[in-house]
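Me: Please take a close look at a single part of this model and describe how it sits among its neighbours. One connected account will do.

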Amino acid sequence: DKPVLPPEAAKVPVGTYDRIMRELGYSKRSIRANRFQAKEPNQAHHIDGSSSAFLYVHRQMPDGEYILRLHRPAQHYKNKPTPCDRLRWWYYTMVDDHSGVKYTKGVPAMGENGGDGMEFCVWAWERLGVPKKLLGDEGPLKKGLTSSGFLEKCGVPFPPMTHYEKRAHGKVEITHRRLWQSFELQYFVPNDWPKFEIAASEVNRMLMIFLEEENERRHRFERKITRMDAWRRVMLNGGLVKLPDDVLARAAHCHRRKVDICGNFSIPGAFQQFTGGALENPGDAVARNIGGQVESISRALDTLTGK
């Protein structure tokens, strides 16, 4: 007779059986590396930025609103048609490690940068509260002078992480995968999806509705409660910690930039240009400076010789 499992075994997650089989040697799959697991809400947050898989910035409206379009790329290839103003649609995601509650916001940008990262942190922490620790990859938010100073003023440590190790950021990576597979793919349903257009603000509004449903899913360990139920335990540990109102202003730094001969200067994640003849040709400026120095030396020699 084949052994029959008791009815209580149906309540045990399948992943638990997989783990036990790996530990006992019955499965040849490699043992999963142990990840950090917070014991309470807001003990640690994960943050990550990633470009969209299917949306790209198509054009800009007169009021400054960006319009997005869909593109179906080849497998594992996210390059899209030439975007407006060289901008791409980026998602920034914050995940509470204990509960799995997540918040995501899209922004048009040339790339992942510390400025957008700081603004997203303020936006997300207004909803989640300030964490005791922030976890993420070695990106602009961690390496930037201004952004690192911003986190220091917030009192949030940002410890270094292992390079090229996706398992350390699995909770954020899974969120981004669900965004592409569940949120963005719904816009391909209409037959005329190549002509479909949507405003960036509308994408973020629909994204918040999508995340509300995601956050009401069952907790990954405590199957009888939702992720939001687990996050609400933060009230048992003193409640939410809020950011000061002027935290972004106090994190500002002055940076020296070099302007090239065409009048361009770069800022990470942005591009600026002097136009309208406001910038003088550097060669003419150098020549005028040298001429002035020669004239001053000539006057000094004339004074010494009595001429």
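This is a predicted model: local features need pLDDT of at least 70, side-chain atom pairs count only at pLDDT 80 or more; totals for chains, interfaces and linings use all residues.

Reply: Tyr 92 stands opposite Lys 105 in E5. Strand E5, residues 102–109, is joined to E4 by eight bridges, and the two run antiparallel. E4 and E5 form a hairpin with five residues between the strands. In that hairpin Gly 100 has a positive phi, near 85 degrees.

E4 also pairs with strand E1, residues 45–51. The sense is again antiparallel, and the pairing has seven bridges. Here Ile 47 stands opposite Met 94 in E4.

The cut-off for buried is under 20% relative accessible area.

One is the loop between strand E3 (66–70) and E4, where Arg 86 is found. Phi of Arg 86 is near 60 degrees. With a relative accessible area of 52%, Arg 86 is exposed, as the threshold for exposed is over 50%.

The other is the loop between helix H1 (14–24) and E1, which contains Asn 42. Phi of Asn 42 is positive too, near 65 degrees, and Asn 42 is likewise not a glycine. Its relative accessibility is 5%, so Asn 42 counts as buried.

Notes. Residues are numbered from 1 along each chain as its sequence is written. Side-chain values use heavy atoms; hydrogens and water are left out. Two strands pair if DSSP finds at least two bridges between them. Helices (H or I, at least four residues) and strands (E, at least two) are DSSP runs, numbered from the N terminus. Buried means under 20% relative accessible area, exposed over 50%, partly exposed in between (1.4 Å probe, protein chains only).
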